[in-house]
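Okay, thanks everyone, I'll keep this short. Let me put the structure up, and then we'll walk through a few pieces of it.

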Amino acid sequence: MHILFLLDYYTPHLGGIETVFSHIVRELNEKKIFVTVITSRYDQSLPAYEYHKNNPYLNIIRVGSWRIWYNLKAWRTAIRYAKACRQGWNNFSPITHIHCSTYWSALLGWFVHCWTRLPVILTVHEIYDKLRYDYFSRPKAVIHHLYEKLIFTASYTTYISVSLYTYNSIRLAYGIPDQKHHMIANTVDPFWYKEEWKNGGMRDWEIDETIIFLYYGHCGVSKGIDMIIALLPEIIRHPQMRIVLNLTPSKRTDMIVSQIYALIDTREWSIDR
């Protein structure tokens, strides 16, 4: 088996989706499944081609310096790479599946699927449908809404939703049949982190008996961070509550951090940053 991942961003870029896919790739490699990731070269100091001698099951190819340019270049790269692997280039096994995700690489994956006739898996992290009109100006919301409709007009071999809400939303908004649709939740696995931290990590963080409220990601208006910030004064009143806001760099990060300091009385509550 050889899976081709088409992802507009991949590690070391910071973000929730990047974290999810880096874990998926790691698990596949541990099962000796070959993976190639075609992603953007958002940082020109990163190599265009990356092959790990200590991990012979992973190749990373970087093209295009940002999302739109990546999409324009990646489809040709993916098609040529699939053809080369089919012909035995560098002793790589033929690609058996394509895996892409919403939003930016979704249509890219479909185009490559149409050209190569390989099965394509679409991971759906979220859909907005008409909710976009609550977050953006009307012209921008219309464009985003039409783009989302275009994605789900295309047909994918398998759909994976990362939450029950997303799973049901796709069924209602776009009529994706259950036979092609699966739900695999993106969440914290308590069995995994306890195993990882059993040698003292939890003790060092003093969270043995603590309730952890965890947020990870950027501060976009669609992420719900504004509602979390508004509720912070109530949340922190719980005596065993530890709030962890892992905010990745974005346009609104400094503004959100300022709101946190404005809402919380630092004479009564400590903030570790």
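Let's start with a hairpin: strands E3 and E4 make one, with two residues between them. One thing to keep in mind as we go is that this is a predicted model.

So, how do the strands run in that hairpin? E3, residues 49–52, and E4, residues 55–62, run antiparallel, and four bridges join them. If you want a spot to look at, take Tyr51, whose bridge partner in E4 is Asn59.

Next up, the helices. In general, you describe two packed helices by the angle between their axes and the distance between the axes. The pair I picked is H9, residues 225–235, and H10, residues 253–263. Their axes come within 9 Å and cross at roughly 15°. Angles under 35 degrees count as roughly parallel, so that's what we call H9 and H10. As for handedness, H9 passes H10 in a right-handed crossing.

Which residues meet there? On the H9 side you've got Ile225, Asp226, Ile229, Ala230, Leu232 and Pro233. Over on H10, they meet Ile256, Gln259, Ile260 and Leu263.

Is Cys100 buried or exposed? Buried counts as under 20% relative accessible area, and Cys100 comes out at 0%, so buried it is. Cys219 is buried as well, with a relative accessible area of 0%.

And how many disulfides do we get? A disulfide here needs a pair of cysteine sulfur atoms within 2.5 Å, and by that rule the count is zero.

That's me done, happy to take questions.

Notes: Residues are numbered from 1 along each chain as its sequence is written. This is a predicted model: local features need pLDDT of at least 70, side-chain atom pairs count only at pLDDT 80 or more; totals for chains, interfaces and linings use all residues. Side-chain values use heavy atoms; hydrogens and water are left out. Buried means under 20% relative accessible area, exposed over 50%, partly exposed in between (1.4 Å probe, protein chains only). Two strands pair if DSSP finds at least two bridges between them. Axes are lines fitted to C-alpha atoms, for helices over the stretch in contact, and angles run from 0 to 180 degrees between N-to-C directions. Angles under 35 degrees count as roughly parallel, over 145 as roughly antiparallel, 65 to 115 as roughly perpendicular and the rest as oblique. A crossing is left-handed if the near helix is turned anticlockwise from the far one by less than a right angle, and right-handed if clockwise. Contact means heavy atoms within 4.5 Å.
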